[in-house]
Amino acid sequence: MADAMSEYLKQDMQCEGLLECIHGLKGLDKEIFKVLTDASEPLTVDEIAEAVDRERSTAYRSVQRLLQSGFVQKEQVNYDQGGYYHVFRPTDPDEIADDMQRMLNDWYAKMGQLIGEFREKYEKALDEPPAATAEN
């Protein structure tokens, strides 16, 4: 993963790279997201864990990151005789894209503000004469 914006811009990124770049998701998170988007119906954590060949707890942590990022939706399925379980499905791609666009716009506005502050701070510093040093 690139640390500097200039490094990100030099990379040959795929659209899935947005998951990592914007939301800080990991490789397993992207893999699970793909499993869910390829599935014809929502999946349980056990089914997800089996599909990615990981322990249930590892898959669960990844699904939680996807939930927190808004990439996955959780649904409760009730048994007729009582009790329930959860299944997970991907969020509508348009919702995800709109959310990423909003986040990018917010980031862009914040960076513009910081660049303005940088310009103002260092233009003032260049305009002011250096402090006189005391002679002995």
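**Architecture, core packing and ion pairs of the predicted chain**

The accessible surface of the protein chain amounts to about 10400 Å², and 49% of this surface belongs to carbon and sulfur atoms. The protein chain contains six helices and two strands, which follow one another along the sequence in the pattern α-α-α-α-α-β-β-α. Of its 136 residues, 22% are buried. Among contacts between residues at least 6 apart in sequence, 46% join residues at least 24 apart.

In soluble globular proteins, nonpolar side chains tend to be buried together. The largest nonpolar core in this model comprises 19 residues, of which I32, L36, I48, L66, F71 and F88 touch the most other members. Two or more residues are given to this core by each of α3, α4, α5 and α6, and α3 gives the most, with five residues. When neighbours within four places in sequence are set aside, L36 is in contact with L43, I48, V72, F88 and P90.

Helix α4, which spans residues 45-52, has V45, I48, A49 and V52 as buried residues. Viewed down the axis of α4, the buried residues fall within an arc of 100°, so they line one face of the helix. An α-helix has 3.6 residues a turn, so residues three or four places apart point the same way. The buried residues of α4 pack against α3 (27-38), α5 (56-69) and β2 (84-90). Helix α4 is followed by D53, a residue in the loop between α4 and α5 that has a positive phi of about 55° although it is not a glycine. With a relative accessibility of 68%, D53 counts as exposed.

Residue V77 is placed in strand β1, which covers residues 72-78, and is partly exposed, with a relative accessible area of 26%. Not counting residues up to four places away in sequence, V77 touches G83, Y84, Y85 and V87; the C-alpha atoms of V77 and V87, which are ten residues apart along the chain, are separated by 7.2 Å.

Side chains of opposite charge can pair when their charged atoms come close. A search of the whole structure finds five salt bridges, and one of these is formed by R65 with D29, with the closest N and O atoms 2.9 Å apart. This pair links distant parts of the chain, given that R65 lies in helix α5 and D29 in helix α3, 36 residues apart. D38 counts as exposed, at 55% relative accessibility. The side chains of E75 and R89 likewise meet in a salt bridge, at 2.4 Å from N to O. E75 lies in strand β1 and R89 in strand β2, so the pair ties together parts that are 14 residues apart in sequence. Both residues are partly exposed, E75 with a relative accessible area of 28% and R89 with one of 32%.

On the surface, L104, W107 and Y108 form a nonpolar patch that together has about 360 Å² of accessible area.

Definitions and conventions:
Residues are numbered from 1 along each chain as its sequence is written. This is a predicted model: local features need pLDDT of at least 70, side-chain atom pairs count only at pLDDT 80 or more; totals for chains, interfaces and linings use all residues. Side-chain values use heavy atoms; hydrogens and water are left out. Buried means under 20% relative accessible area, exposed over 50%, partly exposed in between (1.4 Å probe, protein chains only). Helices (H or I, at least four residues) and strands (E, at least two) are DSSP runs, numbered from the N terminus. The arc is that of the directions from the helix axis to the C-beta atoms. Contact means heavy atoms within 4.5 Å. Patches are made of residues with over 30% relative accessible area and no salt bridge: like charges are joined within 9 Å, nonpolar side chains (Val, Leu, Ile, Met, Phe, Trp, Tyr) within 5 Å. Accessible areas come from the Shrake-Rupley method with a 1.4 Å probe; for residues, only the protein chains shown count as cover. A salt bridge is a side-chain nitrogen of Lys or Arg within 4 Å of a carboxyl oxygen of Asp or Glu. A nonpolar core is a set of buried Ala, Val, Leu, Ile, Met, Phe, Trp, Tyr and Cys residues joined through side-chain atoms within 4.5 Å.
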